[in-house]
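Student: I have a model open and want to learn how to read it. Where do we start?

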Amino acid sequence: MKPRVFMLEDDLSVIAMVEALVVGEGWEFASARFVAGIKDAVAGFRPDLLLMDVVLPDGNGYDALRAIREIAALAHTPAIFLTSSGAVLNRVKGFESGGQDYMPKPFSCDELLARLRAH
C-alpha cells in the first residue's frame, strides 16, 4: 500500500511543489486550503502523515490538528508543521497541539522528503 500524505496549506505554489515531490515518490497526496471541513476531508483520505500550515484564511493549523486528533483512527498520525514563522513559541504550540515535527518555510525539498520518510 502506498503511503498517503495530506496537506493543509493555503498557498497553491507550495501545494503544487509538495504534491510533485510526494507523487514523484509514488505516494498518494491530497490537500485542503481551509480549516472548515478539515475533519471530513482528512477522515475520507485516511493519511499516513499530515503536513500542516499554521496560518490559514479561516483559522490555524494548531486548532485544525486538534480537531483531526478527535478522529480515533487519526489520533496518532504523524504531523509536520510547515510555516514561515520559526519563532520558538510557534514551535512549542505545534508540539503542544499534537505535532511531531516542525519545518520553517522556505524549506528544502530534500529535507522535507527525508522527514517524510522518517515519519
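**Reading the sheet**

Tutor: Five strands make an open sheet, ordered β2-β1-β3-β6-β7, and the pairing is parallel. Strands pair if DSSP finds at least two bridges between them. Helices (H or I, at least four residues) and strands (E, at least two) are DSSP runs, numbered from the N terminus. This is a predicted model: local features need pLDDT of at least 70, side-chain atom pairs count only at pLDDT 80 or more, and totals for chains, interfaces and linings use all residues. Residues are numbered from 1 along each chain as its sequence is written, and side-chain values use heavy atoms, with hydrogens and water left out.

Student: Which are the edge strands?

Tutor: β2 (28-32) and β7 (101-104); each pairs on one side only. The twist averages 20° from one strand to the next.

Student: How many bridges join β3 to β6?

Tutor: Four, between residues 49-53 of β3 and residues 79-83 of β6. D53 stands opposite L82 in β6.

Student: Where is the cis peptide bond?

Tutor: It joins K105 and P106, with omega about -5°. P106 lies in the loop between β7 and α5 (109-118).

Student: Which residue has a positive phi although it is not a glycine?

Tutor: R46, at about 50°. R46 sits in the loop between α2 and β3.

Conventions. Axes are lines fitted to C-alpha atoms, for helices over the stretch in contact, and angles run from 0 to 180 degrees between N-to-C directions.
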